[in-house]
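Here is a briefing on one protein chain. Please look over the sequence and model before reading the points.

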Amino acid sequence: MIYPKNFEQKTGFDKIRQQLYDSCLSPMGHDHVKTMTFQASYDVIEQRLDQTNQFLNLLHFESAFPSNDYLDMRNTLKKLTTEGTIIETEDLHNLNTSLKVMEEIRLFLNNLDPEKYDKLQILTQSVESWKTFIEPADKIIDTKGEIRPDASNTLLEITKKIKSFERSLYSKIQQTLNQAKKSDWIAEEGEITVRNGRLVIPVKASQKRKIKGFVHDESSSGQTIYIEPEHAYETNNEIRKLRSDYKQEIKRIIGEYTKEIRPYIPDLVQDYEWLGFIDFLRSKALLASRLHAEKPKLFNEQRIHWQAAVHPLLYQAHKEQNKNVVPLDISLNQEQRILIISGPNAGGKSVCLKTTGLLQYMLQCGLMIPVKASSECGIFNQIFIDIGDEQSLENDLSTYSSHLNNLRVFTENSNSATLTLIDEMGTGTEPQMGGAIAEASLEVLYERGTYAVVTTHYANLKLLADKYPAIENGAMLFDSKNIKPLFQLKIGKPGHSFAFEIAKNTGLPDEIIKRAKEKTGKTHLDFEKQLQSLEQDKSQVDKKEYELKVADDLLAETIDKYNRLNADLEKNRKEIIEKAKAEAREILNNSNRLIENTIREIKESEADKAKTKESRATFDKEKEKILKPKEKTAKSKPKKQKAPASHPPKQNINKAPEKDYELVKGEIHSGDTVKIIGQSGSGEVISISKNKAEVSFGQMKMQIPVAKLEKIKTTKKQEKKTQGNYHNIMEDMQQKSQNFSSTLDIRGVKADEALTKLMNFIDDATLLGVYDLRILHGKGHGVLRSVVRDYLAGLDEVKNFHDEHVERGGQGITIVKLK
């Protein structure tokens, strides 16, 4: 449900519809504009936005789209459904011309990249190819809309006879004319002319009996008589009969053609509806281009998260005056459903409201909207608006009564899928009562789950944001120093009316302002100040709360990290202690065995000195092994390990790396070994044509400018290495190809940075063999355009460059053709 009935006039959508109407090429497109309606289906809206967005890309980045001869033949075709009717020659020409346009469009769309233009290519599935009717029509009628003399053998024969008779007749009459001139029967300037479809000569009235023949006409003065010579009468009759036969033959030919197409007229009419839709789609894309509109992210739920939104009509009006529109950032979601905007008069509150209503309505009519592409849009089943004066003398309806009537409709019909827009809510009656009714109505809308944007000056409505969590305040910012509105929406705090400041700035006498302040009372002024102070305090509290939350999260993370580290440390400590105990036990066991063995050996040798000395030496040696087992193990480990193959021997660390190739001077010829400048892999030149060489890198062949190559002589090491580089080169080229776009956008970039990007762009295009390029530099002051043109003019690789078509960007885009 859209309320009220004049919603489009209130929001300005009627002017958007008119622009679409004016951009269409045919009445068929006009019909689609007239029947364009608000939609609430996610799938339908998404499809229409995708189609428009892809058509916009088509106009910007593809070759010229067929945009002539969108002729409406629907009524003509419907008349031909009656048996015996025949299409007129002019209509046949128009039918054939428009069928050719349909065929051009069908082929154009089918030849597009299916990944980029899938939604447009689907459209061709519903239209027929009418070559079976185009080819016969071409044989009947020429490009000027005239019947071909060879449309049939009979017609050709009749045409030849007519020309033969006309030549003979003209020769005879010319002889009579010359004789009459010599005899002064006609004026010297008299020539053969036509009367009643017959050749005649102009004879002086006084000499009319001198020439035998038939009088067909006379001049207005009666001084000249137009006579058909007697000897030409029969020939003229024969020509007249042949012309009659000529017409009958044409009627027969066109009649047969009409008979052929009659069974297909319903399908033809349907395809003309399709041509009208293409016309309509083109018009939507052109509108999007003029508005710099985008396709935002669409969600099948109720939400608004717009960035840099502008009112389209305001944007166009300001553009004509070389003025800028302040963009609008606005959000509505489940947690923030109702936005109450306050601020000074003429500060932009109503513009915010109209922008919200107009853009949401445009979106759900399938039109792209002027917001950032990253913006998020939802879908509403109903949009209600109360803006402006609905006073009606005929219905005895006052301004306030009309507002109350609107509030009644809103509260009775709103639900969680409704977007309600109310300007200056509660005004039009005694402020205290009006404010109370407005507050109560807004509470009902809140309870119904409605999404709303409301503008107001009432303080009680501003305070609702502290009472209800899903209500948020918004302020239109005001420069209190210079006393002028900034037209910027700041969400999160209420606005101030700045009534006295604005009054002073407009020149209202200070005495009146002073009296007004006294009459207003200190209480009201203090309340406004306290409200502003309260919002500032609330912002500070929110900020501190956020900082505390961040600090709390950081502390919790730190504690968790400490606990993990402490647990790991305790675990490692226990493992170290257990390992130390085990090693101690092993040392004690080994020591006991050593002592026992030594004592036994001494006893068995009966304290022989030599044997005792030997046993002691063995004991000391074994003791050393027991006391230093880890040191010995550590020393032995390096002998068992091998250095990684990727690291050079220690003594060669500072040695300079050997080159895998040598550069060779001289021109590059077929069979030479070359490499791409900046790359390591080498290839063989197969052939050279003009300034490009065909180079083989293994099984991959590439066309590369000779200027991008350098001649080399490879070493044996490089020959082995090259095989491994082929794969790397191919991957690098594939990556470049996938990421490369034939369009470079340098709008808003500094000149030196733009030049660097342009140089890399041309180099990549040349390397990848892309010859048709587009450079988007914008118009502005023409600085970037001059930088681009100067650089391109000095490149040998550039064949030519020129401005884009006016409808697709004009001087803001440069089209480049490489050699």
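Residues 24 or more positions apart account for 69% of the chain's contacts (heavy atoms within 4.5 Å) with a separation of 6 or more. This is a predicted model: local features need pLDDT of at least 70, side-chain atom pairs count only at pLDDT 80 or more, and totals for chains, interfaces and linings use all residues. Numbering runs from 1 along each chain as its sequence is written, and side-chain values use heavy atoms, leaving out hydrogens and water.

**Overall make-up**
- The chain has 25 helices and 25 strands. These are DSSP runs, numbered from the N terminus: helices are H or I with at least four residues, strands are E with at least two.
- Of the 819 residues, 40% are buried, meaning under 20% relative accessible area (1.4 Å probe, protein chains only).

**Cysteines**
- The disulfide count is zero, where a disulfide is a pair of cysteine sulfur atoms within 2.5 Å.
- Cys24 is buried at 9% relative accessible area. Cys365 is buried at 1%.

**A four-stranded sheet**
- Four strands form an open sheet in the order E22-E23-E25-E24, with mixed pairing. Pairing takes at least two DSSP bridges between two strands.
- Strands E22 (743-745) and E24 (798-803) are the edges, each pairing on one side only.
- E24 pairs with E25 (residues 813-818) in the antiparallel sense over five bridges. Phe801 has Val816 in E25 as its bridge partner.
- Helix H25 (residues 783-793) packs on the sheet and touches E23, E24 and E25. Its direction makes about 160° with that of E24; axes are lines fitted to C-alpha atoms, for helices over the stretch in contact, and angles run from 0 to 180 degrees between N-to-C directions.

Notes. Buried means under 20% relative accessible area, exposed over 50%, partly exposed in between (1.4 Å probe, protein chains only).
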